[in-house]
Amino acid sequence: MKIAIPAEIKNHEYRVSMTPAGVRELTERGHTVAVERGAGVGSGYPDDAYEQAGARIESDVDALWAGAELIIKVKEPQPVEVARLEAHQTLFAYLHLAADEALTRSLLKTGATCIAYETITDDHGGLPLLAPMSGVAGRMAVQAGAHCLEKAQGGAGILMSGVPGVAPARVTVIGGGVVGENAARMALGLGADVTVLDRSLARLEVLDQRYQGRLRTVYSTRDAIEAAARDSDLIVGAVLVPGASAPRLITREMLSMMKPGSVLVDVAIDQGGCFETSRATTHADPAYIVDDIVHYCVANMPGAVARTSTQALSNATLPWIVRLAEHGWQEALAEDEHFRRGLNLTGGALAHPAVAEAFGESC
Ligand code: NAD
C-alpha cells in the first residue's frame, strides 16, 4: 500500500505520526512510505533516518497527499489538508469529530474513509490509542507540579521528596484513571506522600492492590476534596466523566483553605477543567497565580515532550496501521469489532453512532 506521513501543521504541534522504526516495519513488508520533508524534525528524527528506514522523502506536499492510499497523521486535518483529501483515501489520525461539526461536514464532503484513533476500543473498556497520551500527560503533571512548587514560580518552595529529617510534599491526585495513575506513579517515584481520590471503588481497589500501601486511596466526596485542599502541596486534577465537561471540584472559595504557594495542575483542562479558577494555558506561558495558588493548565501537555509522545503514539498505532496496510480498511475492520469502532466517516456518510448523535443524526 502507498502510505503518506505528512508534517503536522497545527500550531505548536511537534509530534509526527510515525517513527523511522515504524516506517521500517512497513517498508520491510513491501509497502511504500512517503514522508514529508522535515516531518520528524520536531521529534528529533531527521529525514535521513526515514530514508534509512526505506521511506521516500517528499518535498511537494500536494504530491505527497495525491500519491497516497493511506494517510497517517497525529492531529485532525486542517482546512488546507481537508482540501487535499480524496474519496478513495483512508485517513487515520486523532479526529475528535463529535466536538467539531465544521470539520466533520468538510470531511464528509471529501468522501474519504476517516478512522479516528480516539474511538478505537479494547477488551477492558479502554481507549488504547488515547491511553499513551494520557500516560504522558499524567507523568508530566507531576514534573510540572514539582517545578511550580519552586519559589521562583510562585510556589511554596517545597522539594517533592523532602530530605532526611524533612517531610516530603503531599500530593493529591483527583481521578485515578490513566492520567491519575501515571501522576501517582511519578509522585511516588519522587518520594512524595501520595493520595488518590476517585468516585469509582473499583478503580480505588485496583490502585490499592497495585501499590500495596505505598499510596492512600480515598473515596471522592466534597469532604475529601476539602481535606485535600487544606492538606496538599500539589493537587493534580485528572477526572473524566465520559461525554460531559469536567466537574468543578475545587471552587474559588476553596482556594482560601489551601496553603499559599500550593499548586493546582489541571490535566482535565481539555474537558473544561476541574478547578473553578482554571483557564487553558500554553507551553509558552504555562502557569499563573490566583489567590496565592499556582495554576498549571496546559491543554496539550504531551506536545512539550514531542519525542517521547511521538514514540509512545507510534508504538500504539503501529499494529493497527500494519493491519490497514496489509488488508485494506474494509477487511481490517471487518475482522475486529474494536477497530470497527474507529470508523467515523466513509463514502460521505457518518459511520460512528456517537459522532452522528452529536449532530442529531443517526447512522
Ligand atoms: P479515565 O477515564 O482513565 O479516568 C478518569 C477518572 O476520573 C475515572 O477513574 C473516574 O472514575 C474519575 N472521576 C470521575 N469523576 C470524579 C470525581 N468527581 N472525583 C474523583 N474522580 C472522578 O480518564 P483519563 O484518560 O485519565 O483522562 C483524565 C482527564 O485528562 C480527561 O479530562 C482527559 O481529557 C485529560 N487529558 C488531558 C491531557 C492534556 O494534555 N491536558 C492529555 C491527556 C488527557
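In this predicted model, the C-alpha centres of domain 1 and domain 2 lie 33 Å apart. The division of the protein chain assigns residues 2–120 together with 306–358 to domain 1, and residues 131–299 to domain 2. Where the two meet, six residues of domain 1 are in contact with five residues of domain 2, and the side of domain 1 that touches domain 2 is made up of three nonpolar and three polar residues, with no charged ones.

An open sheet is formed by eight strands, which follow the order 3-2-1-4-5-6-14-15 with mixed pairing. Strand 3 (56–58) and strand 15 (349–350) stand at the edges with a single partner strand each, so one side of each has no neighbour in the sheet. Within this order, strand 6 (residues 113–116) pairs with strand 14 (residues 343–346) in the antiparallel sense, over two bridges, and isoleucine 115 stands opposite leucine 343 of strand 14.

Turning to the ligand, there are 32 residues around it, of which Ala137, Gly175, Gly177, Val179 and Ser220 come nearest. Helix 6 (131–148), helix 7 (178–189) and strand 8 (193–198) are the elements that each give two or more residues to this shell.

| Side of domain 1 that touches domain 2 | three residues | three residues | no residues |

Definitions and conventions. Residues numbered from 1 in each chain as written. Predicted model: local features only at pLDDT ≥ 70, side-chain atom pairs only at ≥ 80, totals over all residues. Pairing = 2+ DSSP bridges. Helix = DSSP H or I, 4+ residues; strand = E, 2+ residues; numbered from the N terminus. Domains from an automatic or database assignment. Contact = placed C-beta atoms within 7 Å. Nonpolar A, V, L, I, M, F, W, Y, C, P; charged D, E, K, R; others polar. Near = placed C-beta within 6 Å.
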